[in-house]
Amino acid sequence: MISSSYLVEAFAPGLSAAQLATAAERMRTAAAELTNGGTPVAYARTIYLPGDETCFHLLEASSLAAVEAVTASAELTVARIVPAIEQH
Amino acid sequence: MSSAETFGRDDQLALLHGWIGGELPTAVLIEGDAGIGKTTLLRAVLDESARAGFHVVQSAPAEAEVSLAYGALADLAGVLVEELADVVPAPRWRALAAALGLSGDGRTAPGETSVALGLLATLRAAAERSPVLIAIDDVQWLDESSATVLAFALRRLHAGDRVAVVITRRANAPARARFDLHGSLVGEALHVAPVGPLSVGAVHRLIRVRLGLSLGRRQLLEIHEACRGNPLHALELARATRTEASGAPGLRLTAGNAMDARISRLPSAARQAILIASATPRPTVELLASLLGASAVDEAVRAAVTAEILIDRGGQLEFEHPLLASRSYESATPVARRRVHESLASVAATSGERARHLALAAEGDDEELAAVLEQEAEASLLRGTRMAAAELAEESVRLTPSSDLDARARRLLAAGRARTDAGDSDRARGLLERAASIAGPHQHEAVWRLGTLADVTVGIRETIALYERALETSDDTLRTRILQRYAITTAYLTGPRRALDLADAAVAAAERAADSQLLATALATKAAVGIMAGDPGAPDWLARARQLGQGDADPRQSWTLGALGADVSRMALDLPAARSAYEIELERSLIEGEAATELWMRLGLCITELLSGDLARTSEHVREIRDLSEQTGMKRDVIALGIGAVLAHLGHVDEARSALAESRALARADESPLVELRAAAAAGALELSCGQPEAAARALDDAHELAELLGLGFSIYRCFEIDRAEVHALAGRPQEAARATSELEALAEHSNVTWAAPLLLRGHGLAAAADGRLDEAVALLEQAVAEEHLLPLPLERARTRLALGRVLRRAKKKAAARAMLESAVLDFQTIEAHLWLLEARAELARIGGHPPARQDLTATELRVATLVAEGRTNREVAASLFITVSTVEATLTRIYRKLGVRSRTELANRLHATEPNA
């Protein structure tokens, strides 16, 4: 059961639109692979702040470890992974 | 800073690599605030460039090293000098090696221009093997000697020189030294890479990688705002948060305070070690041990290294960042700083270093220390480190009690002289003006030196006004020196007559001073001016000068005498003596690394060899002169004159016209009528040899006007009057031809010069021929030929034979004419006087009545045709004549058309058919 949201913060200098799409797709794919492997992780969205050269990926997972596994699988250089609370 | 990652600078790095990997030479300036990441970028560039095959040489001068003469140059060129000793031309190698203390006797050292030429030659030799990358980190701390030499050498890089320069510079830092590439090829190729702040993300990455910290967003944003994206400050603030109980209080610190706090947390011995290291260039563990004690130093250094303040590279200490050094030094109290400098003075390795530390330890006036610095400045000057000498001299002024006017004036004068020698005219002028404002024994010398500065920088008229003021001195030694310079300056400005009066006064002053060496140079000056004035006493004055000057212990006096003597011998047409004297002084200038003297001597040798008719040696000197002139920017009007004269002799008409026109324009702009006269005379001779009498007349009339204005007596500089006579004769003006010759004859009678006779006889002979008195003309010209042994100028002897041959042909004495003209042809061939050779051949061809095939060809066409007929390939012809292969091909096409031939064989046969029989 997916219970929590996590915000993944990564240093991402000078991303073009295509590169951003690729980064998001890698996260989505990695989350799907982990889910298929038995650890449910859902990719929610990606937000990029060009001025800060920082990319935020929002994931839903049961644990921090699951999110770390996704970021490792996506070969992402992570600055932080922190719990997040979403309000729609 | 050990991480190789450049944190958000990848695009900028790619740009830098692109510039350096592009067309060479090139220069890149990485500029930004302190701590912004310039050095990190630079290191990434150097690593990549080394992988790409560049030979990287680098220097990272620190603020404490600004006074270290040639410090940066030693970093950049030390290894190259040793590696390339066998490849770099010996005089250039010696100059650079001597400056770096790798050769020489250590007592005297070459001037900065010669060192710069040595560096340029070494860089080029290195670039032959692989492209060279010169890297200077923090160029604003470059010592003045290195900056002068480096900028000079880099400004003279040519297209194709495989050299790249990368420098970093702190934005808004006042530069201690001028490092100006403006107006040069590499300066125009300068790319500027401003380094700006890091983004929030990049700062976070930096902190995470370097300190292992992952910050909350609020804290990260606060740090980013406080440090404004400066990586060094970000790290300091992040470190501070690590040592605080919570994140927030640490952020109230500035980066500077954070650095101070980091240092203050260290043990007292470590703090003292850091302060000592910040106060001296090139600190070592050994140095610290000598001041702190061996037992304390290890612990102190370890603590400083652990705190990431210092880096220990096998005993050599560096600061993690230059800001840490300057911060440490500036935050110490003045008392603490003075104590450190006092202790550093006590263990200084050289007297220069000791003097510098004592100066920095001084508080207020200190006459004893001022005297020490004055002596050290003098010693520095003898070692050739002029910039260091100038700095020490100025320090001695600063410490001199204001009440001691005599000492202040003396030291201001010494500092002004040192700045002049170092090439810093603006600063020199300021110091000399201050010295000149203090009444006393040094005032007149200060005024005189202002005059010599004005001579080079402002103009002759201001120079003369200052010399006049300086002559109010009663010191005969000083008067002699002033009058000598004044005499030479006046000779070039207003002619030799007034100059001779001044030279006489110089001799009288030297006699009163009872200084035989000084008298020798004064007599040599008088001889030089006297020769121009056509004074018959000039050779005797020179002989007396040489006798007095024998065994001279002062090398500067000795070379002045030798160089002046060489000029006098040349002007007196004693060409073997001139050659010998020039060669001796040239060798001396190469050994001492005096580029200005080297240029003067090469010019003199070049003209001497040209007059002697040795074109191989002449061309060799022309090549060196062109290089030196381009590299030093000195004496452009005289050099253009010399090059123009050689080109004219060889028959390169257009280039010769251009060079001589340039010389005349430069001389006019510099108010140098004597040089302008010589260039006009050379231009006239060129036009005469091209068969352009009208153009010749205009140039020669200009020369005549200038000669009258200057009041020149009979000398080599006046002999163009015979060419004027020839022009009048060609134009059918026999009276004017006769008058020009007679006026010259009157001057020659006064000067008692034996070699005048053959020239005068030629002039009279040409005038008689123009008047239709052919028998008389033949007699006069035959007598000129008979006396030609008096005239040591092969070109003029050959021209006399040509003149006689022409007149004999007109007198219908064909056999005699043919013999004389064939002799002239041989003479012109021997000395490679191409234009006169064509004239002589054309004249010879008229005797036989054959269609003069050669006459249809221009001078250039005939040269090309002759070489082709000798069997040379087009490439060989191009190389011989300094033209392109395509020019040779186009010229040959025209020649074939004009002569109606279709092959090289037919061409050779046609030329042979019109060749005079041997």
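Begin by selecting chain A, where four strands form an open sheet in the order S2-S3-S1-S4, with antiparallel pairing; two strands pair if DSSP finds at least two bridges between them. Helices (H or I, at least four residues) and strands (E, at least two) are DSSP runs, numbered from the N terminus. This is a predicted model, in which local features need pLDDT of at least 70 and side-chain atom pairs count only at pLDDT 80 or more, whereas totals for chains, interfaces and linings use all residues. Residues are numbered from 1 along each chain as its sequence is written, chains are lettered from A and ligands numbered from 1 in the order in which they are written, and side-chain values use heavy atoms, without hydrogens and water.

Next, select residues 4-11 and 54-61 of chain A. These are strands S1 and S3, which pair in the antiparallel sense over eight bridges. Within this part of the sheet, A:Ala10 has A:Cys55 of S3(A) as its bridge partner. Helix H2 (residues 64-73) of chain A packs on the sheet and touches S1, S2, S3 and S4 of chain A; contact means heavy atoms within 4.5 Å.

Now display both chains. Select B:Arg217 and A:Glu9 to see their side chains meet in a salt bridge (3.7 Å, N to O), a term for a side-chain nitrogen of Lys or Arg within 4 Å of a carboxyl oxygen of Asp or Glu.

Move on to helix H25 (residues 476-494) of chain B and select B:Thr480. Is B:Thr480 buried or exposed? B:Thr480 counts as buried because its relative accessibility is 0%; buried means under 20% relative accessible area, exposed over 50%, and partly exposed in between (1.4 Å probe, protein chains only). Leaving aside neighbours within four places in sequence, B:Thr480 is in contact with residues including B:Ala506, B:Leu518 and B:Ala522.

Finally, select B:Trp755. Leaving aside neighbours within four places in sequence, its contacts include B:Met571, B:Phe714 and B:Leu790.

Technical notes:
Axes fitted to C-alpha atoms, helices over the stretch in contact; angles between N-to-C directions.
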